[in-house]
Each structure stands twice: as structure tokens, then as C-alpha cells.
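Subject: the structure you asked for

Hi,

Here is the structure I promised to pass on.

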Amino acid sequence: SPPKEEEYQRDALLTGNPLGLSGMGGAGNTNMSPLALAADTKAMRELYVGNLPAGITSTQLVQFLNQVAQAVKVNTLPGE
């Protein structure tokens, strides 16, 4: 489903960047609205996870993904 306006605004607020989480979009067109730019980058911010067990909760999935991200060091910042 298409993202809601609140999701675009949240991404822009969280990152301090009107372009959303990826920091890209609109081929550098700064005349686009933040919502239009966030729409351009939505596909870059989505993750499809299939073949999940029937009883898994969103909390369990987030915990698992966080553990994997830490194990492969995709969520560490320089200096940590």
C-alpha cells in the first residue's frame, strides 16, 4: 500500500532531512516538496520479509532483525 503522509513527515523529522531516510530522490531536484521526495525513496526504505512462521509477532521479528544487523555490523556507527 502507498505510504501515508504521516510516514513521510516522520521520516523527514527523524532524519532532519526532507528527503527521508535514504537522503536521495528526485535526482537532486531541491524544488520538490518533502512529501514528493519521500515518495521517490519509499522503495529504497522498504524491506520485504517472506516465509515467516505463522505465529511470529512484529516484536519478535524486530528483535531477530536487530540481532542479525548487529552480527553483520550493518547498524554500527564509526567510533563504536
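Tyr 8 is buried, as its relative accessible area is 13% (buried means under 20%, exposed over 50% and partly exposed in between, with a 1.4 Å probe and protein chains only). Tyr 8 sits in helix H1; helices here are DSSP runs of H or I with at least four residues, strands are runs of E with at least two, and both are numbered from the N terminus. Between the C-alpha atoms of Tyr 8 and Lys 42 there are 8.8 Å, although 34 residues separate the two along the chain.

Before you go further: this is a predicted model, where local features need pLDDT of at least 70 and side-chain atom pairs count only at pLDDT 80 or more, while totals for chains, interfaces and linings use all residues. Residues are numbered from 1 along each chain as its sequence is written, and side-chain values use heavy atoms, with hydrogens and water left out.

The protein chain has an average pLDDT of 73, and 66% of the residues reach at least 70 (pLDDT is the predictor's confidence in each residue, from 0 to 100). Over residues 22-29 pLDDT stays under 50, and the model has 15 contacts beyond four places in sequence for them (a contact means heavy atoms within 4.5 Å). Where pLDDT is low, the predicted coordinates should not be read in detail.

The fold overall

You'll find three helices and zero strands, running α-α-α from the N terminus on. Buried residues account for 18% of the 80 residues. Taking contacts between residues at least 6 apart in sequence, 26% join residues at least 24 apart.

The 14 residues of H3 should span 20 Å at 1.5 Å a residue, and the end C-alpha atoms are 20 Å apart, which agrees (the expected span is 1.5 Å times one less than the number of residues). Leu 61 lies in this helix and touches Val 49, Leu 52 and Ile 56, leaving aside residues up to four places away in sequence. From Leu 61 to Val 49 it is 9.5 Å, C-alpha to C-alpha, with the two twelve residues apart in sequence.

Asn 51 belongs to the loop between helix H2 (34-45) and H3. Its phi is positive, near 60 degrees, in a residue other than glycine, and Asn 51 counts as exposed at 83% relative accessibility. Lys 73, which follows H3, also has a positive phi, near 60 degrees.

The surface

Leu 47, Phe 64, Leu 65, Val 68, Val 72 and Val 74 make a nonpolar surface patch of about 560 Å². Patches are made of residues with over 30% relative accessible area and no salt bridge, joining like charges within 9 Å and nonpolar side chains (Val, Leu, Ile, Met, Phe, Trp, Tyr) within 5 Å; a salt bridge is a side-chain nitrogen of Lys or Arg within 4 Å of a carboxyl oxygen of Asp or Glu. Accessible areas come from the Shrake-Rupley method with a 1.4 Å probe, and for residues only the protein chains shown count as cover.

Cheers
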